[in-house]
Amino acid sequence: MPELFQVVKDPPPLGSSGLPVFCGNPSAWLGRGVYFWESFIENARKYGNTHCQSWGKQNHTKGYKIYKTNAISAFRCLNLVDGVADLRDVLDFYQKLQKKNLNKRPVRLFELLGMMRKDPVFRTAYDSVRALPDGGGLTPMYLEYTLPEDGTKARFFFTPPIQVCFWQNAPKLSMMIFVE
């Protein structure tokens, strides 16, 4: 498992119960859980700078601290980055849900994952999810180029902003180390 980086508000919000910090926001994009940036501390810094600065101004700090862990007990991760079988399972579930969706309101990812987590088979199969967010104020380092065949613009990402979210029933994460 690669290094995982967690951005923690500095000072932590009242009611925080230590590290790692659990996100209880019911509409967090991957659902409630413990969020990390995978492999690249640059993404954690960018997130801290774009999402925690106002918190820091109120409290006369940078607004965040970054912790890392790379010692995680075995976990069962739903891989939405490059896990083809996992992506197909989520697509199948989504398509079944769309057939049942009477109001035809678009389903957001956290809602879809929440419904999947209610399924006993899914719940025992996975305790975390790995995904590549779209947007969120992050602009990872990339090289832009033009494909010679048809002039299509393309990007190669040096630091893909992959997030891992451990849900409430996740195994205990071992030692968190202060980085910056």
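Reader: How many bridges join strand E2 to strand E8, and in which direction do the two strands run?

Author: In this predicted model, strand E2 covers residues 34-38 and strand E8 covers residues 163-166.

Reader: Which strands stand at the edges of the open sheet?

Author: The sheet is open and mixed in its pairing, with seven strands in the order E4-E5-E8-E2-E1-E3-E9. A strand at the edge has a single partner strand, so one of its sides is left without a neighbour in the sheet. The strands in that position are E4 (77-79) and E9 (177-178).

Reader: Which strands does helix H1 touch, and what angle does its direction make with that of E3?

Author: Helix H1, made of residues 41-51, packs on the sheet. The strands that H1 touches are E1 (4-9), E2 and E3 (64-69). Between the direction of H1 and that of E3 the angle is about 155°.

Reader: How many bridges join E1 to E2, and how many join E1 to E3?

Author: Strand E1 runs antiparallel to E2, and E1 also runs antiparallel to E3. On the E2 side, Leu4 has Glu38 as its bridge partner, while on the E3 side the bridge partner of Gln6 is Tyr67. The bridges number two between E1 and E2, and between E1 and E3 they number six.

Reader: How many of the six residues of E1 are buried?

Author: Burial here requires a relative accessible area under 20%. By that criterion strand E1 is mostly covered, and the number of its six residues that are buried is five.

Reader: Which residues of helix H4 are buried, and which elements are included in what covers them?

Author: Helix H4 spans residues 109-118, and its buried residues are Phe110, Glu111, Leu112, Leu113 and Met116. What covers these buried residues comes from both helices and strands, including H3 (84-100), H5 (120-125), E4 and E5 (128-131).

Reader: Which element gives the most to the largest nonpolar core?

Author: The largest nonpolar core has 17 residues, and those with the most contacts inside it are Leu30, Leu78, Leu113, Val129 and Trp167. Two or more residues come from each of the elements H3, H4 and E5. With three residues, the element that gives the most to this core is H4.

Reader: Which residues does Trp167 touch, not counting those up to four places away in sequence?

Author: Trp167 is among the residues with the most contacts inside the largest nonpolar core, and two of the others named there, Leu113 and Val129, are on its contact list.

Reader: Is Met175 buried or exposed, and with which residues is it in contact beyond its neighbours in sequence?

Author: Met175 lies in the loop between E8 and E9, and its relative accessibility of 61% makes it count as exposed. Its C-alpha is 9.6 Å from that of Tyr67, although the two residues are 108 residues apart in sequence. Leaving aside neighbours within four places in sequence, the residues in contact with Met175 are Lys68 and Thr69.

Reader: What is the value of phi of Ser39?

Author: Ser39 is placed in the loop between E2 and H1, and with 31% relative accessibility it counts as partly exposed. Most residues other than glycine have a negative phi. In Ser39, a residue other than glycine, phi is positive, with a value near 70°.

Reader: How far apart in space are Thr61 and Pro11, C-alpha to C-alpha?

Author: Thr61 sits in the loop between helix H2 (53-59) and E3, where it is partly exposed, with a relative accessible area of 28%. In sequence Thr61 and Pro11 are 50 residues apart, whereas in space their C-alpha to C-alpha distance is 7.8 Å.

Definitions and conventions. Residues numbered from 1 in each chain as written. Predicted model: local features only at pLDDT ≥ 70, side-chain atom pairs only at ≥ 80, totals over all residues. Heavy atoms only, no water. Pairing = 2+ DSSP bridges. Helix = DSSP H or I, 4+ residues; strand = E, 2+ residues; numbered from the N terminus. Contact = heavy atoms within 4.5 Å. Axes fitted to C-alpha atoms, helices over the stretch in contact; angles between N-to-C directions. Buried < 20%, exposed > 50% of the residue type's maximum accessible area, 1.4 Å probe, protein only. Core = buried A, V, L, I, M, F, W, Y, C linked by side-chain atoms within 4.5 Å.
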